[in-house]
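Hello,

Here is the structure I promised to pass on. Please have it open while you read; my notes follow below.

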Amino acid sequence: MKIKSEKDFWSGLMFIATGIAFAYGATAYSFGSSARPGPGYFPFGLGVILALLGALVLFKSLVIEVEGGDRIGPWPMKPGLWILGAVVVFGLSLPRLGLVLSLPLLIAIASVGGGEFRWKEVLVNASLLTAGSWAIFIKGLGLTIPVWPVFPGA
């Protein structure tokens, strides 16, 4: 059988593998019942659904003809490295700089990799995402994430 869409083929395989891995990992937890689900119930169901969606995408890639074969192009290494670097900087700076400075730093560094860097957009995104993250994770969920910078000797 001929692959008619390379992108759909590989993404379908990725979804199937990820879904099977999650469903298999969920078998280590108790399932419970439908009335009282255990910790393995929800991840197992999501894993199965993801694998089924992957099978559907994989089937589509083998059956539906796409102009040009929908080839996978070269991997964008530069943007990927900028985003990876931003996540590393965020992880290292969060305990010292807090959420208020680390998250805007993450957004600014990751935005450089996009190719359409505009300070105004970065500042608006950083402001909204920082406020939203504070509201969700600190106020809403009550997580103990440092919000403000920790100054040495303070």
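Start with leucine 103, which lies in helix H3, residues 77-112. Note that this is a predicted model. Leucine 103 is buried, at 9% relative accessibility. Its contacts beyond four places in sequence are Phe90, Leu129, Thr130 and Ser133. Take Phe90 from that set: phenylalanine 90 is 13 residues from leucine 103 along the chain, and their C-alpha atoms are separated by 6.8 Å.

**The chain as a whole**

The chain has four helices and zero strands. Along the sequence, the pattern reads α-α-α-α. The radius of gyration is 21 Å, whereas a compact globule of 154 residues would be near 15 Å. Along the principal axes, the C-alpha atoms fill a box of roughly 65 × 50 × 25 Å.

How much of the chain is buried? Of the 154 residues, 22% count as such. The accessible surface is about 11000 Å². Carbon and sulfur atoms account for 74% of that surface.

Now the contacts. Take those between residues at least 6 apart in sequence: 65% of them join residues at least 24 apart.

On charge, the chain carries 11 positive and 7 negative charges.

**Salt bridges**

How many salt bridges are there? The count is two.

One of them joins the side chains of aspartate 8 and lysine 60, at 2.9 Å from N to O. Aspartate 8 is in helix H1 (residues 6-26) and lysine 60 is in helix H2 (residues 41-63), so this pair ties together parts that are 52 residues apart in sequence. Is aspartate 8 buried or exposed? Aspartate 8 is buried, because its relative accessible area of 16% falls under the 20% cut-off. Lysine 60 is partly exposed, at 39%.

Leaving out neighbours within four places, aspartate 8 is in contact with Val57, Leu58, Lys60 and Ser61.

The side chains of glutamate 121 and arginine 118 also form a salt bridge, at 3.4 Å from N to O. Glutamate 121 is partly exposed, at 41% relative accessibility. Arginine 118 is partly exposed as well, at 45%.

**Around serine 61**

Serine 61 sits in helix H2. Its relative accessibility is 0%, so serine 61 counts as buried. Which residues does serine 61 touch, beyond four places in sequence? They are Ile3, Lys4, Ser5, Asp8 and Phe9. Lysine 7 is 54 residues away from serine 61 in sequence, and the C-alpha atoms of the two are 7.9 Å apart in space.

Isoleucine 3 is in the segment before H1. Isoleucine 3 is partly exposed, with 36% relative accessibility. Serine 61 is 58 residues from isoleucine 3 in sequence, yet the C-alpha to C-alpha distance is 6.2 Å. Setting aside neighbours within four places, isoleucine 3 is in contact with Phe9, Ser61 and Leu62.

Phenylalanine 9 is in helix H1. Phenylalanine 9 is buried, at 15% relative accessibility. Beyond four places in sequence, phenylalanine 9 is in contact with Ile3, Leu58, Ser61 and Leu62.

**Where to look**

For a quick tour, begin at the salt bridge between aspartate 8 and lysine 60. Go on to serine 61, which touches residues including Ile3, Asp8 and Phe9. Then move to leucine 103 in helix H3 and its contacts, among them Leu129 and Ser133. End at the salt bridge between glutamate 121 and arginine 118.

Best wishes

Terms used:
Residues numbered from 1 in each chain as written. Predicted model: local features only at pLDDT ≥ 70, side-chain atom pairs only at ≥ 80, totals over all residues. Heavy atoms only, no water. Salt bridge = Lys/Arg side-chain N within 4 Å of Asp/Glu carboxyl O. Helix = DSSP H or I, 4+ residues; strand = E, 2+ residues; numbered from the N terminus. Buried < 20%, exposed > 50% of the residue type's maximum accessible area, 1.4 Å probe, protein only. Rg over C-alpha atoms; globule rule 2.2 N^0.38 Å. Contact = heavy atoms within 4.5 Å. Areas by Shrake-Rupley, 256 points an atom, 1.4 Å probe, with all protein chains shown as cover. Lys, Arg positive; Asp, Glu negative; His and termini not counted. Charge placed at Lys NZ, Arg CZ, Asp CG, Glu CD.
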